[in-house]
Amino acid sequence: MLGACDCKPCARGRFTLQNAQMVGAQCMAGSVAKKEGQRICNRCPKGTLTNASAQSMCVGCPLNLDTLTMGTAAVSMCECPPGTFRVAGGNRDCSVCKKG
């Protein structure tokens, strides 16, 4: 049959907004498509990120760090949680803020 095609769902990490698209678009860094055939990408929840496009899962920030917003796209945006701080030029651990 001329012109017939087999439609397949987009792979995880990709999405399509229209029917009959040949190739699904990649989810941008900071967002994911966890399931095949998704029509939208979902932003990574607070505390997680993806630093590359076309990902199917978000990963946590390293060393108990956190993010302030959803959709984080770089490890450099991971910060110490509220009530803690990191000494500039020091180690990567977060220290508890002193009273006062």
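The model is predicted: local features need pLDDT of at least 70, side-chain atom pairs count only at pLDDT 80 or more, and totals for chains, interfaces and linings use all residues. Residues are numbered from 1 along each chain as its sequence is written, and side-chain values use heavy atoms, with hydrogens and water left out.

Start with the secondary structure. The protein chain has eight strands and zero helices. Both terms refer to DSSP runs, numbered from the N terminus: strands are E runs of at least two residues, helices are H or I runs of at least four. In sequence order the pattern reads β-β-β-β-β-β-β-β.

Next, the surface. The protein chain exposes about 7,300 Å². Carbon and sulfur atoms supply 57% of that area. Accessible areas come from the Shrake-Rupley method with a 1.4 Å probe, and for residues only the protein chains shown count as cover. Of the 100 residues in the protein chain, 24% are buried. Buried means under 20% relative accessible area, exposed means over 50%, and partly exposed lies in between (1.4 Å probe, protein chains only).

Contacts give another view. A contact means heavy atoms within 4.5 Å. Take the contacts in the protein chain between residues at least 6 apart in sequence: 28% of them join residues at least 24 apart.

Now the disulfides. A disulfide is a pair of cysteine sulfur atoms within 2.5 Å. The count comes to four. With the bonded cysteines numbered in sequence order, the pairing is 1-2, 3-4, 5-6, 7-8. Cys97 is in no disulfide. The nearest cysteine sulfur to Cys97 belongs to Cys80, 8.7 Å away. Cys97 counts as partly exposed because its relative accessible area is 41%.

One of the disulfides joins Cys27 and Cys41, with sulfur atoms 2.0 Å apart. This pair links distant parts of the chain, 14 residues apart. Cys27 sits in the loop between β2 (25-26) and β3 (31-32), and Cys41 in the loop between β3 and β4 (42-43). The link of Cys27 and Cys41 is left-handed, with -85° about the S-S bond. Cys27 is buried, at 0% relative accessibility. Cys41 is partly exposed, at 23%.

Cys44 and Cys58 form another disulfide, their sulfur atoms 2.1 Å apart. Here too the pair links distant parts of the chain, 14 residues apart. Cys44 lies in the loop between β4 and β5, Cys58 in the loop between β5 and β6. The torsion about their S-S bond is about -90°, so this disulfide is left-handed. Cys44 and Cys58 are both buried.

Further along, a disulfide joins Cys80 to Cys94, with an S to S distance of 2.2 Å. This pair again links distant parts of the chain: Cys80 is in the loop between β6 and β7, Cys94 is in the loop between β7 and β8 (95-96), and they are 14 residues apart. The link of Cys80 and Cys94 is left-handed, with -90° about the S-S bond. Cys80 is buried, with a relative accessible area of 15%. Cys94 is partly exposed, with 27%.

Thr50 is in the loop between β5 and β6. Its relative accessibility is 4%, so Thr50 counts as buried. A polar atom of the Thr50 side chain lies 2.6 Å from the backbone nitrogen of Gly30. That is a polar contact: a pair of N or O atoms within 3.5 Å; within protein, one must be able to donate a hydrogen and the other to accept it, and residues adjacent in sequence count only if both atoms are side-chain atoms. Leaving out residues up to four places away in sequence, Thr50 touches residues including Gly30, Cys44, Gln55, Cys58 and Thr72.

Gln55 lies in the loop between β5 and β6. Gln55 is partly exposed, at 31% relative accessibility. A polar atom of its side chain is 3.1 Å from the backbone oxygen of Ser53. Gln55 and Ala33 are 22 residues apart in sequence, yet 6.9 Å apart in space, C-alpha to C-alpha.

Thr72 is in the loop between β6 (59-60) and β7 (84-85). Thr72 is buried, with a relative accessible area of 2%. A polar atom of the Thr72 side chain lies 3.4 Å from the backbone oxygen of Thr69. Beyond four places in sequence, Thr72 touches Gly30, Thr48, Leu49, Thr50, Thr67 and Met77.
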